[in-house]
Amino acid sequence: MTAPILRVDALSKTYDDGFTALDAVSLEIMEGEILALLGPNGAGKTTLISAICGIVQPTSGKVSVAGHDTVTAFRAARSLIGLVPQEINLEPFEKVINTVQFSRGLFGKPKDDAKIETILRQLSLWDKKDNAIRELSGGMKRRVLIAKALSHEPRVLFLDEPTAGVDVELRREMWEVVRALKDAGVTIILTTHYLEEAEAMADRVGVINKGKILLVEDKAVLMQQMGKKELRIELGTPIDAIPAALDDRDLELAEGGTRLIYRYDTQAERTGIVRLLTALQSEGLAVADVETKQSSLEEIFVGLVQEGETE
């Protein structure tokens with residue numbers, strides 16, 4: 001099996017006031033994958049990225065990038081990481097191309113006009129290369145942040161809330177940019193509040209809350225294992241209450257009395273649907289329509305966070 005390009009081992013961060021932002025976080029990221037790290041505000045997402053990138057000093061634990069320890073071999077490890085922060089912090093009067101070239105120089109990389117051109121073209125910024133940053137839209141400024149992060153040719157790219165404050169159309173454009181980066185061989189870890197973002201792009205999904213990793217799982221497996229399906233049964237005639245004979249069926253009567261909702265496990269040997277429909281017929285309830293609905297990643301995520309808070 002291929003060795004992980006990024007390994008986080010029992011990483012913790014406790015501040016002087018006693019607040020624990022990270023609690024023994026362990027992660028392994030494989031080269032070339034996209035991992036979406038989900039969590040509510042204050043969950044520890046940005047602290048984790050900052051600790052990996054050397055911006056925040058962890059209290060304990062280790063991080064290595066392609067085998068380089070981020071403490072004992074900081075320069076080698078950091079040179080392999082690109083970081084796109086949440087905040088747009090760019091010099092407004094500087095040209096796009098100069099901004100990106102300067103970032104490359106900060107990492108001690110030799111001047112390479114061809115490489116910078118490739119990055120700017122990849123991000124649809126080449127025709128804006130001589131524009132001042134202040135002349136760009138919010139979406140274009142975010143692309144410049146990505147170009148800066150890619151300028152020193154990192155193997156791992158962190159995107160901290162890459163589409164925060166961006167409209168739906170620009171968000172989808174950014175998704176295409178991220179997919180293209182993955183196709184180019186870049187390993188990507190993104191934090192996001194948008195569940196559809198993780199569902200659309202990620203290979204694996206990690207859920208973090210209160211500084212703890214609740215799980216890291218293949219997206220498809222997560223949805224298959226933890227996702228439930230709903231059977232929505234439209235009744236021909238409204239009812240006031242679920243018949244007593246159906247009390248053991250885990251049914252919910254929707255407002256208005258014309259719809260019954262039955263939730264079942266897709267992995268169960270038997271779903272119980274046939275028995276349920278037979279029981280409805282026996283009770284004299286006419287079924288007008290039936291449809292199924294798969295749980296979304298958002299519903300799974302909310303469930304996991306709520307579980308973590310009750311433990």
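A salt bridge, as I use the term this morning, is a side-chain nitrogen of Lys or Arg within 4 Å of a carboxyl oxygen of Asp or Glu. What I am showing is a predicted model, in which local features need pLDDT of at least 70, side-chain atom pairs count only at pLDDT 80 or more, and totals for chains, interfaces and linings use all residues. Residues are numbered from 1 along each chain as its sequence is written, and side-chain values use heavy atoms, with hydrogens and water left out.

For exposure, buried means under 20% relative accessible area, exposed means over 50%, and partly exposed is what falls in between, with a 1.4 Å probe and protein chains only. On that scale Arg7 counts as partly exposed at 36%, and Glu28 is likewise partly exposed, with a relative accessible area of 37%.

Asp23, which is also in strand S2, forms a salt bridge with Lys212, the closest N and O atoms being 3.8 Å apart. This pair links distant parts of the chain, since Lys212 is in strand S10 (residues 212-218) and the two residues are 189 apart. Asp23 counts as partly exposed at 31% relative accessibility, and Lys212 is partly exposed at 45%.

What, then, of Arg142, which is buried yet has no salt bridge? Arg142 is found in helix H5, and the nearest side chain of opposite charge, Glu87, is 6.9 Å away, where Lys and Arg count as positive, Asp and Glu as negative, and His and the chain ends are not counted. The backbone oxygen of Gln86, however, lies 3.3 Å from a polar atom of the Arg142 side chain.

Grid points are joined across faces, edges and corners, and a volume is the space filled by probe spheres set on the points.

The largest pocket has a volume of about 250 Å³. Of the 14 residues that line this pocket, the closest to its centre are Leu83, Pro85, Ser103, Lys148 and Ala149, and the elements that give two or more residues to the lining are strand S6 (81-84), helix H3 (96-106) and helix H5 (138-150). The lining divides into 7 nonpolar, 4 polar and 3 charged residues, where Ala, Val, Leu, Ile, Met, Phe, Trp, Tyr, Cys and Pro count as nonpolar, Asp, Glu, Lys and Arg as charged, and the others, Gly among them, as polar.

Ser103, in helix H3, is buried at 5% relative accessible area, and a polar contact of 2.8 Å joins its side chain to that of Lys148. Such a contact is a pair of N or O atoms within 3.5 Å; within protein, one must be able to donate a hydrogen and the other to accept it, and residues adjacent in sequence count only if both atoms are side-chain atoms. Arg104, also in helix H3, is buried at 4%.

Finally, the structure holds 1 cavity of 30 Å³ or more, and the largest cavity has a volume of about 50 Å³. Strand S2 (20-29), strand S3 (34-38) and helix H1 (45-52) are the elements giving two or more residues to its lining, with the largest share, 3 residues, coming from H1. By class, that lining has 10 nonpolar, no polar and no charged residues, among them Leu6, Phe158 and Ile189.

Notes: 1 Å grid on protein atoms, 1.4 Å probe; cavity = no way out; pocket = protein on both sides within 12 Å on 5 of 7 lines; lining within 4 Å. Helix = DSSP H or I, 4+ residues; strand = E, 2+ residues; numbered from the N terminus.
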